[in-house]
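Thank you for coming; I would like to walk you through one structure this morning, starting with a helix and then turning to a strand residue and some charged pairs. Please have a look at it first.

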Amino acid sequence: MGQAYGFFEIPSVTAAVVAIDIMCKTAEVELVTWEKKLGGRLVTVIIRGDVSSVTQAIEAATANGIKDPVAHVVIPSPHEEILKLVENSANRVC
């Protein structure tokens with residue numbers, strides 16, 4: 001299967017850290033970046049890996065996290081414009 005990106009948006013930094021821990025322990029995924037909005041009251045986490053691993057990681061964080069996500073999505077084989085957007089975001093945050 002091809003490369004996929006997972007986007008996971010959740011309220012609070014603590015809940016985001018827990019979700020990242022769950023995702024990275026559940027499947028072979030890599031944290032690309034995270035962005036805090038509204039003073040950390042909303043956090044977007046971006047991960048990548050193969051499609052099945054990203055899907056498994058997102059589902060595990062949704063089911064087992066300390067808060068429910070606001071939104072989540074897995075994008076298999078993202079368009080190059082999505083990759084540019086993610087790269088710019090990761091460069092800005094890191």
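When I speak of the expected span of a helix, I mean 1.5 Å times one less than its number of residues, and helices (H or I, at least four residues) and strands (E, at least two) are DSSP runs, numbered from the N terminus. What you are looking at is a predicted model, in which local features need pLDDT of at least 70 and side-chain atom pairs count only at pLDDT 80 or more, while totals for chains, interfaces and linings use all residues. Residues are numbered from 1 along each chain as its sequence is written, and side-chain values use heavy atoms, with hydrogens and water left out.

Let me begin with helix α2, which covers residues 51-64 and, with its 14 residues, reaches 20 Å from first C-alpha to last, close to the expected 20 Å. Which of its residues are buried? Taking buried as under 20% relative accessible area, exposed as over 50% and partly exposed as in between (1.4 Å probe, protein chains only), the buried residues of α2 are V51, S53, V54, A57, I58, A60 and A61. The elements covering them include β1 (3-10), α1 (13-26), β3 and β4 (71-76).

Strand β3, residues 42-50, also holds T44, which counts as buried because its relative accessibility is 18%. Setting aside neighbours within four places in sequence, T44 is in contact, that is, with heavy atoms within 4.5 Å, with F8, E9, T33, W34 and E35.

Finally, the charged pairs: a search of the whole structure finds four salt bridges, each being a side-chain nitrogen of Lys or Arg within 4 Å of a carboxyl oxygen of Asp or Glu. One of them joins R48 and E30, with the closest N and O atoms 3.1 Å apart, and this pair links distant parts of the chain, R48 lying in strand β3 and E30 in strand β2 (residues 30-37), 18 residues apart. Another joins K25 and D21 at 3.1 Å, N to O; these two are about one helical turn apart, because four residues separate them in helix α1. K25 is exposed at 65% relative accessibility, whereas D21 is partly exposed at 36%.
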